[in-house]
Amino acid sequence: MFSPEKYVCWQALQQGITLMPLENVQGGDMPGDTAHISTPVCRRVEKLLPHLVTKLEEKYGTDIPAKLVIAVSGGSGSGKTSGAAALREALVGLKGYVLSGDNYPRRIPQHNDEERLTIFRSAGLKALLAAGEYTPERFADLQPLQKTGIDSDPRQCAAYPWMQIYQQGGRAALAGYLGRTAEQDYDALNAVLAQFRAGAPVLWLKRMGRKEWERWYEPKNFADVDVLLLEWTHAGSADLKNTNLKVFFNSTPEETRACRVARSRDAGADSPFVTMVLEIEQAMLNRRACDADLIQNRDGTMVDTAAYAAAQGR
């Protein structure tokens with residue numbers, strides 16, 4: 001239900017606020033997730049907020065929903081986690097909650113990485129077979145590359161030209177898996193967002209750690225939450241429903257790769273295979289960003305969505 005008092009709060013935010021840096025605050029709701037809201041993040045969100053409120057008014061006029069879902073997407077180096085946390089802190093007069101979509105893959109990180117690699121290699125071998133380029137001798141050359149994890153490295157094609165067929169086939173199959181319904185449980189997340197927008201006072205939220213036995217559900221009181229901020233790589237997907245506004249934090253593949261390496265949560269964060277995965281994901285994110293309501297660079301500059309879509313061939 002629309003609340004005139006809450007609309008006054010949105011109008012005040014449109015005039016601009018000043019954020020102060022914060023260290024080790026709650027980020028999203030992944031177990032142990034913390035965020036560092038640095039001065040650059042503060043300045044970025046200060047620039048974003050007036051555009052966000054203006055976009056809400058374009059969509060809803062003065063009737064901004066009392067229960068609002070804002071989806072914040074971007075690559076690993078885009079600053080979406082700290083940005084969403086800063087947005088939550090900026091909502092003076094409103095209460096926000098940052099929900100992490102990283103709780104909603106179908107597999108824990110280790111097993112999902114294994115599934116990605118299986119898809120790539122299986123499709124690569126099938127591509128060689130279909131092209132009439134598979135031989136036992138070539139598999140004898142390929143197997144050591146697989147064992148050392150460099151069979152996805154494009155530089156191997158110089159020594160083994162047939163590897164191009166293998167890599168192209170594997171890459172195409174992987175592109176059909178990453179961020180799709182086979183990898184991510186959009187239905188479960190869509191149900192949570194629908195319940196929030198309908199005003200459910202308590203939501204049962206999924207939690208996922210890094211072990212198979214680290215899956216559970218936790219009740220959270222949302223009775224007084226006005227804005228649910230969903231921060232997630234795939235928050236711009238067309239499979240994600242029940243959002244009111246989509247914000248895309250733009251970043252380069254280099255920034256994404258550097259951020260993943262800095263986190264060092266998983267082995268092989270700087271491997272050729274992970275590099276390929278990030279390239280595929282970045283292309284996917286760029287396509288999805290064409291449908292975002294707002295696009296912002298790391299330096300806080302806003303990107304014209306129509307121009308961005310045109311640059312992506314849309």
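How many of the 5 residues of strand 8 (residues 245-249) are buried? The count is 5 of the 5, so strand 8 is largely enclosed by the rest of the structure. Buried here means under 20% relative accessible area, while exposed means over 50% and partly exposed lies in between (1.4 Å probe, protein chains only).

Before going further, a word on what you are looking at. This is a predicted model, in which local features need pLDDT of at least 70 and side-chain atom pairs count only at pLDDT 80 or more, whereas totals for chains, interfaces and linings use all residues. Residues are numbered from 1 along each chain as its sequence is written, and side-chain values use heavy atoms, with hydrogens and water left out.

Let's step back to the whole chain. The protein chain has 10 helices and 10 strands; these are DSSP runs numbered from the N terminus, with helices (H or I) of at least four residues and strands (E) of at least two. Its radius of gyration is 21 Å, close to the 20 Å that the globule rule gives for 314 residues, so the chain is as compact as a globular protein of that length. That radius is taken over C-alpha atoms, and the rule is 2.2 Å times the number of residues to the power 0.38. Along the principal axes, the C-alpha atoms fill a box of roughly 75 × 45 × 35 Å. Buried residues make up 48% of the 314 residues. Among contacts (heavy atoms within 4.5 Å) with a separation of 6 or more, 75% are between residues 24 or more positions apart.

Two strands count as paired if DSSP finds at least two bridges between them. Strand 3 (residues 68-74) runs parallel to strand 8 and is joined to it by 5 bridges, with Ala-71 having Lys-246 as its bridge partner. Strand 9 (residues 294-296) also pairs with strand 8 in the parallel sense, over 3 bridges.

Helix 3 (residues 80-90) is another enclosed element. Of its 11 residues, 10 are buried, so this helix is largely enclosed by the rest of the structure. The buried set includes Lys-80 and Arg-88 as well as Gly-83 and Leu-87. Ser-38 sits in the loop between strand 2 (34-37) and helix 2 (39-60), and counts as buried at 17% relative accessibility.

Pro-105 lies between strand 4 and helix 4 (109-130), and at 12% relative accessibility it counts as buried. Leaving aside neighbours within four places in sequence, Pro-105 is in contact with Glu-183, Gln-184, Lys-206 and Met-208. Tyr-186 is 81 residues from Pro-105 in sequence and 8.5 Å from it in space, C-alpha to C-alpha.
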